[in-house]
Amino acid sequence: MTQPKEIFVKTDRCVGCLSCTIACAVAHSNSRTLFGAVFEKPVPKSRIYVEWSDPDKKIPLVCRHCEEAPCMFACISGAIHRDENGVVLTDTDKCIGCWTCVMVCPYGVIGRHLETHKAYRCDRCPDRDVPACVSACPTGALVYETAASFSGAVRKSASRELIRSEG
Amino acid sequence: MEESTRYLIAGGGAAGMAAAHAIREIDQEGTITLLTDEADQPYFRPLIPFLVSGEKKDSDMFMAGSGPYKSGNVSVRTGSLITWFDPEQKTVYLENGGRIGYEKILFATGSRPYIPPDIEGLDADGVFALRTMADARSMAKRAEQTSHAVMLGGGVLNLKAAFALLKKGLKVTLIVYSPEVLSQLMEPEDAFLIRKALDQAGLKIINGRSAEIVLSGKNGVDAVGLDNGRELSCGMVCIGKGVSPNVHFLEGSGVIVDGGVAADMYTACNIKDAYTAGDVAVAYDPVSGDRMVTALWTNAVEMGRCAGKNMAGVKTKYSGTFGILNATQVADEPFVSMGTVHTKEGDFEVQRSSTAGSYRKMVFNAGGDRLIGAVLVGDITNAGLYRYVIREKKPVDRIKQNIIDHTLHYGHFV
(Lines give C-alpha, C1' and ligand atoms only; values in the text may rest on other atoms or scores of the structure.)
Protein backbone atom coordinates (compact mmCIF):
# COMPACT_ATOMS: atom_id res chain seq x y z
CA MET A 1 0.00 0.00 0.00
CA THR A 2 1.31 3.46 -0.79
CA GLN A 3 1.61 5.66 2.24
CA PRO A 4 -1.13 8.31 2.37
CA LYS A 5 -0.21 11.98 2.37
CA GLU A 6 -0.73 14.14 5.42
CA ILE A 7 -0.87 17.84 6.16
CA PHE A 8 2.35 18.97 7.84
CA VAL A 9 3.03 22.34 9.40
CA LYS A 10 6.27 24.31 9.23
CA THR A 11 5.65 26.80 12.00
CA ASP A 12 8.74 28.86 11.16
CA ARG A 13 7.17 29.78 7.81
CA CYS A 14 3.71 30.82 9.03
CA VAL A 15 3.11 34.57 8.91
CA GLY A 16 -0.40 34.37 10.35
CA CYS A 17 -2.22 35.57 7.22
CA LEU A 18 -5.15 33.19 7.86
CA SER A 19 -5.48 32.38 4.15
CA CYS A 20 -5.74 28.71 5.15
CA THR A 21 -8.71 29.29 7.42
CA ILE A 22 -10.63 31.17 4.74
CA ALA A 23 -9.83 28.58 2.09
CA CYS A 24 -10.92 25.81 4.46
CA ALA A 25 -14.24 27.41 5.29
CA VAL A 26 -14.93 28.07 1.58
CA ALA A 27 -13.99 24.49 0.66
CA HIS A 28 -16.50 23.28 3.25
CA SER A 29 -19.31 25.59 2.14
CA ASN A 30 -22.13 24.66 -0.18
CA SER A 31 -21.28 27.18 -2.86
CA ARG A 32 -17.48 26.62 -2.67
CA THR A 33 -16.99 30.32 -3.48
CA LEU A 34 -15.93 33.05 -1.07
CA PHE A 35 -18.86 35.32 -1.90
CA GLY A 36 -21.35 32.49 -1.64
CA ALA A 37 -19.84 31.18 1.60
CA VAL A 38 -20.06 34.53 3.38
CA PHE A 39 -23.85 34.58 3.07
CA GLU A 40 -24.51 30.93 3.80
CA LYS A 41 -26.44 29.70 6.81
CA PRO A 42 -25.22 27.85 8.77
CA VAL A 43 -21.97 29.78 8.47
CA PRO A 44 -19.24 27.60 6.92
CA LYS A 45 -16.46 26.90 9.43
CA SER A 46 -12.73 26.52 9.08
CA ARG A 47 -11.29 23.29 10.39
CA ILE A 48 -7.78 24.73 10.64
CA TYR A 49 -6.84 27.20 13.36
CA VAL A 50 -3.94 29.60 13.62
CA GLU A 51 -2.95 30.32 17.20
CA TRP A 52 -0.42 32.80 18.52
CA SER A 53 2.08 32.19 21.28
CA ASP A 54 4.77 34.37 22.82
CA PRO A 55 6.71 36.23 21.68
CA ASP A 56 5.16 36.24 18.19
CA LYS A 57 4.95 32.72 16.97
CA LYS A 58 2.10 31.66 14.70
CA ILE A 59 1.03 28.07 14.95
CA PRO A 60 -1.41 26.55 12.46
CA LEU A 61 -3.27 23.66 14.07
CA VAL A 62 -5.25 21.01 12.27
CA CYS A 63 -6.47 17.50 13.05
CA ARG A 64 -3.51 15.08 13.15
CA HIS A 65 -5.72 12.07 12.41
CA CYS A 66 -3.88 10.41 15.31
CA GLU A 67 -2.87 6.77 15.08
CA GLU A 68 -4.61 5.85 18.37
CA ALA A 69 -7.21 8.59 17.85
CA PRO A 70 -8.71 9.38 21.27
CA CYS A 71 -11.79 10.99 19.71
CA MET A 72 -12.64 7.87 17.72
CA PHE A 73 -12.55 5.60 20.77
CA ALA A 74 -14.27 8.10 23.05
CA CYS A 75 -17.20 8.77 20.71
CA ILE A 76 -20.36 7.45 22.33
CA SER A 77 -22.39 7.22 19.14
CA GLY A 78 -20.02 5.52 16.68
CA ALA A 79 -19.85 8.69 14.59
CA ILE A 80 -16.06 8.70 14.20
CA HIS A 81 -14.19 6.21 12.04
CA ARG A 82 -10.96 5.98 10.07
CA ASP A 83 -11.16 5.59 6.30
CA GLU A 84 -8.81 3.54 4.13
CA ASN A 85 -6.46 6.52 3.71
CA GLY A 86 -6.01 6.89 7.44
CA VAL A 87 -8.27 9.94 7.64
CA VAL A 88 -10.34 10.11 10.83
CA LEU A 89 -13.81 11.30 9.86
CA THR A 90 -16.85 12.50 11.81
CA ASP A 91 -20.13 11.27 10.39
CA THR A 92 -22.40 14.26 10.81
CA ASP A 93 -25.57 12.18 10.66
CA LYS A 94 -24.46 10.00 13.56
CA CYS A 95 -23.00 12.83 15.65
CA ILE A 96 -25.28 13.73 18.56
CA GLY A 97 -23.29 16.77 19.69
CA CYS A 98 -22.29 15.39 23.10
CA TRP A 99 -18.80 16.91 22.68
CA THR A 100 -16.97 13.94 24.16
CA CYS A 101 -14.52 14.21 21.23
CA VAL A 102 -13.87 17.84 22.13
CA MET A 103 -13.18 16.78 25.69
CA VAL A 104 -10.55 14.22 24.74
CA CYS A 105 -8.77 15.84 21.77
CA PRO A 106 -5.34 16.89 23.07
CA TYR A 107 -4.84 19.27 20.13
CA GLY A 108 -8.09 21.19 20.49
CA VAL A 109 -8.84 20.88 16.78
CA ILE A 110 -12.39 19.54 16.86
CA GLY A 111 -14.89 22.35 16.36
CA ARG A 112 -18.45 22.60 17.58
CA HIS A 113 -20.99 23.80 15.07
CA LEU A 114 -23.49 25.44 17.36
CA GLU A 115 -26.15 26.03 14.69
CA THR A 116 -26.23 22.42 13.57
CA HIS A 117 -25.22 20.99 16.97
CA LYS A 118 -22.56 18.81 15.34
CA ALA A 119 -18.83 18.37 15.77
CA TYR A 120 -16.57 19.04 12.77
CA ARG A 121 -12.92 18.56 11.90
CA CYS A 122 -10.44 18.38 9.04
CA ASP A 123 -11.48 15.79 6.45
CA ARG A 124 -8.35 16.42 4.32
CA CYS A 125 -10.61 17.62 1.49
CA PRO A 126 -11.58 14.26 -0.05
CA ASP A 127 -12.70 15.92 -3.32
CA ARG A 128 -9.42 17.72 -3.93
CA ASP A 129 -5.94 16.52 -4.90
CA VAL A 130 -4.39 18.92 -2.40
CA PRO A 131 -6.33 20.15 0.67
CA ALA A 132 -7.63 23.71 0.35
CA CYS A 133 -5.56 25.05 3.25
CA VAL A 134 -2.32 23.76 1.71
CA SER A 135 -3.17 25.20 -1.73
CA ALA A 136 -3.97 28.56 -0.18
CA CYS A 137 -0.86 28.90 1.98
CA PRO A 138 1.34 31.54 0.33
CA THR A 139 4.48 30.79 2.35
CA GLY A 140 4.72 27.02 2.19
CA ALA A 141 4.00 26.68 5.91
CA LEU A 142 1.53 23.92 5.13
CA VAL A 143 2.69 20.98 3.09
CA TYR A 144 0.88 17.90 1.87
CA GLU A 145 3.26 14.97 1.74
CA THR A 146 3.78 11.46 3.00
CA ALA A 147 5.39 11.25 6.43
CA ALA A 148 8.50 9.68 4.93
CA SER A 149 8.96 12.39 2.35
CA PHE A 150 8.29 15.19 4.85
CA SER A 151 10.74 13.89 7.45
CA GLY A 152 13.29 13.35 4.68
CA ALA A 153 12.94 16.98 3.66
CA VAL A 154 13.21 18.13 7.28
CA ARG A 155 16.38 16.09 7.70
CA LYS A 156 17.95 17.54 4.56
CA SER A 157 17.09 21.07 5.56
CA ALA A 158 18.48 20.51 9.06
CA SER A 159 21.73 19.17 7.63
CA ARG A 160 22.02 22.21 5.36
CA GLU A 161 21.52 24.48 8.39
CA LEU A 162 24.18 22.58 10.25
CA ILE A 163 26.69 22.83 7.42
CA ARG A 164 25.95 26.55 7.02
CA SER A 165 26.39 27.26 10.74
CA GLU A 166 29.64 25.35 10.84
CA GLY A 167 30.66 27.47 7.88
CA MET B 1 -17.82 -32.02 23.44
CA GLU B 2 -17.11 -28.93 25.43
CA GLU B 3 -16.85 -25.72 23.50
CA SER B 4 -13.71 -23.66 23.81
CA THR B 5 -12.44 -20.29 22.64
CA ARG B 6 -9.08 -18.55 22.77
CA TYR B 7 -10.46 -15.23 24.03
CA LEU B 8 -13.63 -15.13 26.04
CA ILE B 9 -15.13 -11.71 26.60
CA ALA B 10 -17.73 -11.66 29.35
CA GLY B 11 -19.87 -8.62 28.61
CA GLY B 12 -21.02 -6.90 25.45
CA GLY B 13 -20.73 -3.26 26.48
CA ALA B 14 -18.11 -0.66 25.67
CA ALA B 15 -15.22 -2.43 27.42
CA GLY B 16 -16.01 -5.85 25.96
CA MET B 17 -16.37 -4.62 22.39
CA ALA B 18 -13.29 -2.39 22.64
CA ALA B 19 -11.28 -5.35 23.95
CA ALA B 20 -12.51 -7.70 21.22
CA HIS B 21 -11.54 -5.24 18.50
CA ALA B 22 -8.18 -4.46 20.10
CA ILE B 23 -7.43 -8.18 20.20
CA ARG B 24 -8.38 -8.53 16.54
CA GLU B 25 -5.96 -5.76 15.57
CA ILE B 26 -3.13 -7.88 17.00
CA ASP B 27 -4.31 -11.49 16.66
CA GLN B 28 -6.17 -12.17 13.41
CA GLU B 29 -6.48 -15.91 14.05
CA GLY B 30 -7.51 -16.61 17.65
CA THR B 31 -11.21 -17.21 18.23
CA ILE B 32 -12.97 -14.42 20.10
CA THR B 33 -16.28 -15.18 21.77
CA LEU B 34 -18.23 -12.36 23.35
CA LEU B 35 -21.08 -13.07 25.74
CA THR B 36 -23.85 -10.62 26.53
CA ASP B 37 -26.83 -11.37 28.74
CA GLU B 38 -28.97 -8.97 26.74
CA ALA B 39 -31.13 -10.01 23.81
CA ASP B 40 -29.65 -7.27 21.62
CA GLN B 41 -26.32 -7.23 19.82
CA PRO B 42 -23.79 -4.86 21.47
CA TYR B 43 -24.92 -1.25 21.10
CA PHE B 44 -23.94 2.26 22.05
CA ARG B 45 -25.44 2.36 25.50
CA PRO B 46 -25.25 6.17 25.89
CA LEU B 47 -27.65 6.47 22.96
CA ILE B 48 -30.59 4.77 24.69
CA PRO B 49 -32.27 8.03 25.74
CA PHE B 50 -32.62 8.72 21.99
CA LEU B 51 -34.45 5.42 21.68
CA VAL B 52 -36.88 6.60 24.35
CA SER B 53 -37.48 9.90 22.60
CA GLY B 54 -37.75 8.24 19.20
CA GLU B 55 -34.88 10.29 17.74
CA LYS B 56 -32.97 7.09 16.99
CA LYS B 57 -34.20 3.68 15.97
CA ASP B 58 -32.83 0.22 16.82
CA SER B 59 -30.65 0.02 13.73
CA ASP B 60 -28.83 3.28 14.66
CA MET B 61 -27.71 1.79 17.94
CA PHE B 62 -25.49 -1.15 17.13
CA MET B 63 -21.71 -1.02 17.50
CA ALA B 64 -20.61 -3.63 14.97
CA GLY B 65 -19.55 -1.89 11.77
CA SER B 66 -19.75 1.57 13.33
CA GLY B 67 -16.93 3.89 14.40
CA PRO B 68 -13.80 1.89 15.29
CA TYR B 69 -15.75 -1.37 15.65
CA LYS B 70 -15.22 -2.55 12.10
CA SER B 71 -12.98 -5.57 12.40
CA GLY B 72 -14.97 -8.73 11.93
CA ASN B 73 -14.81 -12.30 13.13
CA VAL B 74 -16.01 -11.75 16.68
CA SER B 75 -18.56 -14.36 17.66
CA VAL B 76 -21.26 -12.61 19.69
CA ARG B 77 -23.66 -14.68 21.83
CA THR B 78 -26.67 -12.76 22.99
CA GLY B 79 -28.86 -13.99 25.84
CA SER B 80 -25.84 -15.54 27.56
CA LEU B 81 -25.82 -14.83 31.28
CA ILE B 82 -22.86 -16.26 33.17
CA THR B 83 -23.87 -17.89 36.42
CA TRP B 84 -20.64 -19.47 37.53
CA PHE B 85 -16.96 -19.30 36.75
CA ASP B 86 -14.40 -22.04 37.38
CA PRO B 87 -10.81 -20.76 37.21
CA GLU B 88 -9.32 -24.25 37.66
CA GLN B 89 -11.06 -25.66 34.61
CA LYS B 90 -10.94 -22.25 32.85
CA THR B 91 -14.62 -22.55 32.07
CA VAL B 92 -17.69 -20.36 32.43
CA TYR B 93 -21.16 -21.79 32.95
CA LEU B 94 -24.18 -20.13 31.43
CA GLU B 95 -27.70 -19.80 32.72
CA ASN B 96 -28.98 -21.43 29.53
CA GLY B 97 -27.03 -24.59 30.37
CA GLY B 98 -24.05 -24.01 28.09
CA ARG B 99 -20.45 -23.87 29.16
CA ILE B 100 -17.42 -22.43 27.40
CA GLY B 101 -13.73 -23.00 28.02
CA TYR B 102 -11.17 -20.27 27.38
CA GLU B 103 -7.48 -19.51 27.24
CA LYS B 104 -7.84 -15.84 28.25
CA ILE B 105 -10.90 -14.27 29.80
CA LEU B 106 -12.03 -10.67 30.24
CA PHE B 107 -14.52 -9.72 32.92
CA ALA B 108 -16.38 -6.81 31.38
CA THR B 109 -19.81 -7.60 32.72
CA GLY B 110 -20.53 -3.96 33.46
CA SER B 111 -22.98 -2.72 35.99
CA ARG B 112 -26.67 -2.48 36.60
CA PRO B 113 -28.78 0.28 38.09
CA TYR B 114 -28.59 0.64 41.82
CA ILE B 115 -32.08 0.27 43.20
CA PRO B 116 -32.47 1.99 46.58
CA PRO B 117 -33.78 -0.60 49.05
CA ASP B 118 -35.56 2.00 51.18
CA ILE B 119 -38.20 2.99 48.62
CA GLU B 120 -41.38 0.92 48.81
CA GLY B 121 -43.40 -0.28 45.85
CA LEU B 122 -40.66 -0.27 43.20
CA ASP B 123 -41.88 -3.55 41.70
CA ALA B 124 -44.93 -1.83 40.19
CA ASP B 125 -45.47 -1.59 36.44
CA GLY B 126 -44.16 1.70 35.12
CA VAL B 127 -41.08 1.84 37.35
CA PHE B 128 -37.91 1.94 35.27
CA ALA B 129 -34.18 2.22 35.68
CA LEU B 130 -32.89 3.05 32.21
CA ARG B 131 -29.96 0.81 31.38
CA THR B 132 -30.67 -1.38 28.38
CA MET B 133 -32.29 -1.10 24.98
CA ALA B 134 -35.07 -3.29 26.36
CA ASP B 135 -35.63 -0.76 29.16
CA ALA B 136 -35.70 2.06 26.62
CA ARG B 137 -38.31 0.29 24.50
CA SER B 138 -40.60 -0.35 27.42
CA MET B 139 -40.11 3.20 28.70
CA ALA B 140 -41.06 4.58 25.29
CA LYS B 141 -44.15 2.38 25.32
CA ARG B 142 -45.18 3.40 28.82
CA ALA B 143 -44.64 7.06 27.92
CA GLU B 144 -47.37 6.73 25.28
CA GLN B 145 -49.89 5.95 28.01
CA THR B 146 -49.05 8.60 30.55
CA SER B 147 -48.70 12.35 30.85
CA HIS B 148 -46.45 12.76 33.89
CA ALA B 149 -43.16 11.09 34.73
CA VAL B 150 -41.26 11.38 38.01
CA MET B 151 -37.49 10.92 37.89
CA LEU B 152 -35.61 9.94 41.03
CA GLY B 153 -32.01 11.19 40.96
CA GLY B 154 -30.30 14.12 39.27
CA GLY B 155 -27.39 12.52 37.44
CA VAL B 156 -26.54 12.85 33.76
CA LEU B 157 -28.38 9.73 32.65
CA ASN B 158 -31.56 10.67 34.46
CA LEU B 159 -31.40 14.18 33.03
CA LYS B 160 -31.05 12.72 29.55
CA ALA B 161 -33.94 10.36 30.18
CA ALA B 162 -35.95 13.32 31.49
CA PHE B 163 -35.31 15.25 28.30
CA ALA B 164 -36.24 12.27 26.18
CA LEU B 165 -39.62 12.21 27.96
CA LEU B 166 -40.02 15.98 27.69
CA LYS B 167 -39.48 15.60 23.93
CA LYS B 168 -42.30 13.09 23.87
CA GLY B 169 -44.55 15.73 25.38
CA LEU B 170 -44.71 14.46 28.95
CA LYS B 171 -44.60 16.61 32.02
CA VAL B 172 -41.46 15.60 33.91
CA THR B 173 -40.59 16.14 37.58
CA LEU B 174 -37.12 15.39 38.87
CA ILE B 175 -36.63 14.61 42.56
CA VAL B 176 -33.08 15.29 43.73
CA TYR B 177 -32.01 14.74 47.29
CA SER B 178 -28.82 16.76 46.77
CA PRO B 179 -28.99 20.56 46.87
CA GLU B 180 -28.53 20.68 43.09
CA VAL B 181 -28.55 18.44 40.01
CA LEU B 182 -25.34 16.77 38.78
CA SER B 183 -23.90 16.75 42.29
CA GLN B 184 -21.43 13.99 41.35
CA LEU B 185 -19.99 16.14 38.58
CA MET B 186 -19.92 19.60 40.11
CA GLU B 187 -20.77 21.67 43.14
CA PRO B 188 -24.15 23.43 43.33
CA GLU B 189 -22.77 26.86 42.42
CA ASP B 190 -21.01 25.41 39.38
CA ALA B 191 -24.34 24.13 38.08
CA PHE B 192 -26.33 27.36 38.11
CA LEU B 193 -26.24 27.92 34.33
CA ILE B 194 -27.28 24.34 33.73
CA ARG B 195 -30.05 24.63 36.30
CA LYS B 196 -31.29 27.78 34.60
CA ALA B 197 -31.36 25.99 31.25
CA LEU B 198 -33.18 23.01 32.77
CA ASP B 199 -35.79 25.28 34.34
CA GLN B 200 -36.28 27.13 31.07
CA ALA B 201 -36.64 23.86 29.19
CA GLY B 202 -39.64 23.03 31.35
CA LEU B 203 -38.16 20.40 33.64
CA LYS B 204 -39.67 20.64 37.12
CA ILE B 205 -37.02 20.01 39.78
CA ILE B 206 -37.60 19.37 43.48
CA ASN B 207 -34.41 19.53 45.54
CA GLY B 208 -33.66 18.26 49.01
CA ARG B 209 -36.38 15.61 48.93
CA SER B 210 -36.41 11.90 48.35
CA ALA B 211 -39.09 9.42 47.42
CA GLU B 212 -40.36 7.06 50.12
CA ILE B 213 -42.99 5.07 48.31
CA VAL B 214 -44.33 4.37 44.85
CA LEU B 215 -48.10 3.90 44.88
CA SER B 216 -49.73 1.79 42.22
CA GLY B 217 -53.09 0.50 41.05
CA LYS B 218 -54.20 -1.94 38.38
CA ASN B 219 -52.56 0.11 35.62
CA GLY B 220 -49.26 0.30 37.46
CA VAL B 221 -47.76 3.44 38.97
CA ASP B 222 -50.24 6.06 40.24
CA ALA B 223 -48.12 8.32 42.37
CA VAL B 224 -44.86 8.87 44.21
CA GLY B 225 -44.85 9.73 47.92
CA LEU B 226 -42.08 12.05 49.09
CA ASP B 227 -40.41 12.21 52.49
CA ASN B 228 -42.33 15.40 53.33
CA GLY B 229 -45.65 13.63 52.91
CA ARG B 230 -46.35 15.16 49.52
CA GLU B 231 -47.79 12.92 46.83
CA LEU B 232 -47.10 13.45 43.13
CA SER B 233 -49.51 11.64 40.86
CA CYS B 234 -47.73 10.21 37.85
CA GLY B 235 -47.84 7.35 35.38
CA MET B 236 -44.20 6.39 35.39
CA VAL B 237 -41.10 6.53 37.58
CA CYS B 238 -37.48 6.42 36.47
CA ILE B 239 -34.70 5.62 38.93
CA GLY B 240 -31.27 7.11 38.28
CA LYS B 241 -29.30 6.52 41.45
CA GLY B 242 -26.03 5.22 40.07
CA VAL B 243 -24.92 1.70 39.27
CA SER B 244 -23.45 -1.33 41.00
CA PRO B 245 -21.05 -3.82 39.36
CA ASN B 246 -22.17 -7.21 38.02
CA VAL B 247 -19.92 -9.54 40.01
CA HIS B 248 -22.29 -12.22 41.37
CA PHE B 249 -20.95 -15.00 39.17
CA LEU B 250 -17.47 -14.52 40.65
CA GLU B 251 -18.52 -15.47 44.15
CA GLY B 252 -16.30 -18.25 45.48
CA SER B 253 -14.09 -18.22 42.38
CA GLY B 254 -11.08 -16.72 44.10
CA VAL B 255 -11.17 -13.56 41.95
CA ILE B 256 -10.69 -10.59 44.26
CA VAL B 257 -13.83 -8.49 44.30
CA ASP B 258 -13.76 -5.31 46.34
CA GLY B 259 -16.37 -2.89 45.13
CA GLY B 260 -15.71 -4.42 41.71
CA VAL B 261 -13.11 -6.69 40.17
CA ALA B 262 -9.64 -5.59 41.23
CA ALA B 263 -7.29 -4.78 38.33
CA ASP B 264 -3.54 -4.33 38.45
CA MET B 265 -1.68 -1.73 36.36
CA TYR B 266 -1.99 -4.02 33.35
CA THR B 267 -5.75 -4.65 33.72
CA ALA B 268 -5.06 -8.18 34.99
CA CYS B 269 -6.96 -9.87 37.84
CA ASN B 270 -5.38 -11.79 40.65
CA ILE B 271 -5.85 -15.13 38.86
CA LYS B 272 -3.97 -16.28 35.78
CA ASP B 273 -5.13 -15.34 32.27
CA ALA B 274 -7.99 -13.22 33.58
CA TYR B 275 -8.43 -9.51 32.95
CA THR B 276 -11.05 -6.90 33.70
CA ALA B 277 -12.23 -3.60 32.27
CA GLY B 278 -15.12 -1.17 32.30
CA ASP B 279 -17.77 -0.52 34.91
CA VAL B 280 -17.11 -3.80 36.70
CA ALA B 281 -13.39 -3.12 37.18
CA VAL B 282 -11.72 -1.21 39.96
CA ALA B 283 -9.08 0.96 38.35
CA TYR B 284 -7.26 3.97 39.75
CA ASP B 285 -7.41 7.73 39.32
CA PRO B 286 -4.26 9.23 37.71
CA VAL B 287 -4.77 12.46 39.63
CA SER B 288 -5.38 11.25 43.18
CA GLY B 289 -4.01 7.72 42.82
CA ASP B 290 -7.15 6.41 44.52
CA ARG B 291 -8.63 3.11 43.45
CA MET B 292 -12.02 3.61 41.95
CA VAL B 293 -14.85 2.38 39.79
CA THR B 294 -16.06 4.71 37.09
CA ALA B 295 -19.14 3.99 35.11
CA LEU B 296 -18.23 5.89 31.98
CA TRP B 297 -18.20 4.95 28.32
CA THR B 298 -14.95 6.73 27.49
CA ASN B 299 -13.07 5.10 30.34
CA ALA B 300 -14.56 1.69 29.58
CA VAL B 301 -13.38 1.82 25.96
CA GLU B 302 -9.91 2.95 26.96
CA MET B 303 -9.52 0.26 29.60
CA GLY B 304 -11.13 -2.37 27.35
CA ARG B 305 -8.65 -1.63 24.57
CA CYS B 306 -5.79 -1.85 27.03
CA ALA B 307 -7.05 -5.19 28.37
CA GLY B 308 -7.46 -6.49 24.81
CA LYS B 309 -3.86 -5.66 24.00
CA ASN B 310 -2.66 -7.39 27.15
CA MET B 311 -4.78 -10.45 26.38
CA ALA B 312 -3.31 -10.64 22.90
CA GLY B 313 0.18 -10.60 24.39
CA VAL B 314 1.16 -6.95 23.96
CA LYS B 315 1.89 -5.87 27.50
CA THR B 316 0.29 -2.46 27.93
CA LYS B 317 0.07 -0.36 31.06
CA TYR B 318 -3.30 1.19 31.76
CA SER B 319 -2.79 4.89 32.17
CA GLY B 320 -5.61 5.10 34.68
CA THR B 321 -8.89 6.80 34.62
CA PHE B 322 -10.45 10.04 35.75
CA GLY B 323 -13.18 9.37 38.26
CA ILE B 324 -14.96 12.34 36.82
CA LEU B 325 -14.74 12.79 33.08
CA ASN B 326 -17.91 13.87 31.47
CA ALA B 327 -18.88 15.98 28.52
CA THR B 328 -22.42 16.41 27.47
CA GLN B 329 -25.12 18.84 26.66
CA VAL B 330 -28.34 19.13 28.60
CA ALA B 331 -31.02 21.62 27.64
CA ASP B 332 -28.69 23.15 25.00
CA GLU B 333 -26.11 23.88 27.68
CA PRO B 334 -22.84 22.03 26.99
CA PHE B 335 -20.58 21.22 29.88
CA VAL B 336 -17.41 19.35 30.70
CA SER B 337 -16.41 18.16 34.13
CA MET B 338 -13.13 16.36 34.80
CA GLY B 339 -10.67 15.47 37.50
CA THR B 340 -11.06 16.94 40.97
CA VAL B 341 -14.07 19.25 40.95
CA HIS B 342 -15.39 19.05 44.51
CA THR B 343 -13.38 21.66 46.34
CA LYS B 344 -15.46 22.43 49.43
CA GLU B 345 -13.23 20.23 51.53
CA GLY B 346 -9.48 20.08 51.20
CA ASP B 347 -6.86 22.56 50.20
CA PHE B 348 -7.03 23.78 46.61
CA GLU B 349 -6.47 26.88 44.55
CA VAL B 350 -9.73 27.50 42.73
CA GLN B 351 -10.08 29.99 39.89
CA ARG B 352 -13.63 30.78 38.82
CA SER B 353 -14.87 32.92 36.02
CA SER B 354 -18.37 33.60 34.93
CA THR B 355 -20.18 35.49 32.18
CA ALA B 356 -23.85 35.60 31.21
CA GLY B 357 -23.49 32.52 29.02
CA SER B 358 -20.53 30.65 30.40
CA TYR B 359 -18.93 29.50 33.62
CA ARG B 360 -15.66 27.85 34.38
CA LYS B 361 -13.85 26.62 37.42
CA MET B 362 -10.22 25.62 37.22
CA VAL B 363 -8.93 23.63 40.17
CA PHE B 364 -5.22 23.68 40.99
CA ASN B 365 -3.45 21.82 43.78
CA ALA B 366 -2.75 23.67 47.01
CA GLY B 367 0.65 24.78 45.75
CA GLY B 368 -1.01 26.17 42.61
CA ASP B 369 1.53 24.54 40.30
CA ARG B 370 -0.60 21.75 38.87
CA LEU B 371 -4.06 21.68 37.29
CA ILE B 372 -6.09 18.86 38.82
CA GLY B 373 -9.64 19.52 37.72
CA ALA B 374 -11.88 21.65 35.53
CA VAL B 375 -15.55 22.46 35.10
CA LEU B 376 -16.52 24.26 31.91
CA VAL B 377 -20.11 25.23 31.24
CA GLY B 378 -21.29 26.95 28.06
CA ASP B 379 -17.91 27.42 26.39
CA ILE B 380 -16.14 24.06 26.31
CA THR B 381 -13.70 24.89 23.50
CA ASN B 382 -10.34 23.10 23.78
CA ALA B 383 -11.49 21.11 26.81
CA GLY B 384 -9.22 18.28 25.67
CA LEU B 385 -6.15 20.40 26.34
CA TYR B 386 -7.06 20.75 30.00
CA ARG B 387 -7.61 17.02 30.20
CA TYR B 388 -4.15 16.59 28.74
CA VAL B 389 -2.60 18.99 31.27
CA ILE B 390 -4.38 17.27 34.17
CA ARG B 391 -3.61 13.76 33.06
CA GLU B 392 0.03 14.33 32.14
CA LYS B 393 0.51 16.32 35.36
CA LYS B 394 2.11 19.08 33.33
CA PRO B 395 3.78 21.90 35.27
CA VAL B 396 1.56 24.92 34.71
CA ASP B 397 3.90 27.81 35.56
CA ARG B 398 4.20 29.15 32.00
CA ILE B 399 0.60 28.48 30.97
CA LYS B 400 -1.26 29.08 34.21
CA GLN B 401 -2.74 32.42 33.19
CA ASN B 402 -3.85 30.89 29.89
CA ILE B 403 -5.61 28.15 31.81
CA ILE B 404 -7.31 30.63 34.11
CA ASP B 405 -8.33 32.84 31.16
CA HIS B 406 -9.35 29.79 29.09
CA THR B 407 -7.03 30.83 26.27
CA LEU B 408 -4.87 27.72 26.31
CA HIS B 409 -4.15 26.21 22.91
CA TYR B 410 -1.85 23.53 21.60
CA GLY B 411 0.59 26.18 20.39
CA HIS B 412 1.57 26.68 24.02
CA PHE B 413 3.10 23.22 24.02
CA VAL B 414 4.97 23.57 20.71
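Predicted model: local features only at pLDDT ≥ 70, side-chain atom pairs only at ≥ 80, totals over all residues.
Reader: Which strands of chain B are the edge strands of the open sheet?

Author: Start with the order of the five strands in chain B, which goes 21-22-25-24-23, with antiparallel pairing. An edge strand pairs on one side only, and in chain B that picks out strand 21 (325-330) and strand 23 (348-354).

Reader: How many bridges join strand 24 to strand 25 in chain B?

Author: Look at residues 359-365 and 371-377 of chain B, the two strands in question, which run antiparallel. The number of bridges joining strand 24 to strand 25 of chain B is six.

Reader: Which helix of chain B lies across strand 21, strand 22, strand 24 and strand 25?

Author: Find residues 383-391 of chain B, running at about 165 degrees to strand 25. They make up helix 7.

Reader: What is the area buried between chain B and chain A?

Author: On the contact side, 39 residues of chain B touch 32 residues of chain A. Carbon and sulfur atoms give 61% of the buried area. B:Pro68, B:His409 and B:Tyr410 supply 17% of what chain B buries against chain A. The area buried between the two chains is about 2800 Å².

Reader: How many salt bridges does the rule find across the interface of chain B and chain A?

Author: One salt bridge to look for joins the side chains of A:Glu68 and B:Arg305, at 2.5 Å from N to O. Across the interface of chain B and chain A, the count of salt bridges is three.

Methods
Residues numbered from 1 in each chain as written. Chains lettered and ligands numbered in written order. Heavy atoms only, no water. Pairing = 2+ DSSP bridges. Helix = DSSP H or I, 4+ residues; strand = E, 2+ residues; numbered from the N terminus. Contact = heavy atoms within 4.5 Å. Axes fitted to C-alpha atoms, helices over the stretch in contact; angles between N-to-C directions. Buried area = accessible area lost by both parts, 1.4 Å probe. Salt bridge = Lys/Arg side-chain N within 4 Å of Asp/Glu carboxyl O.
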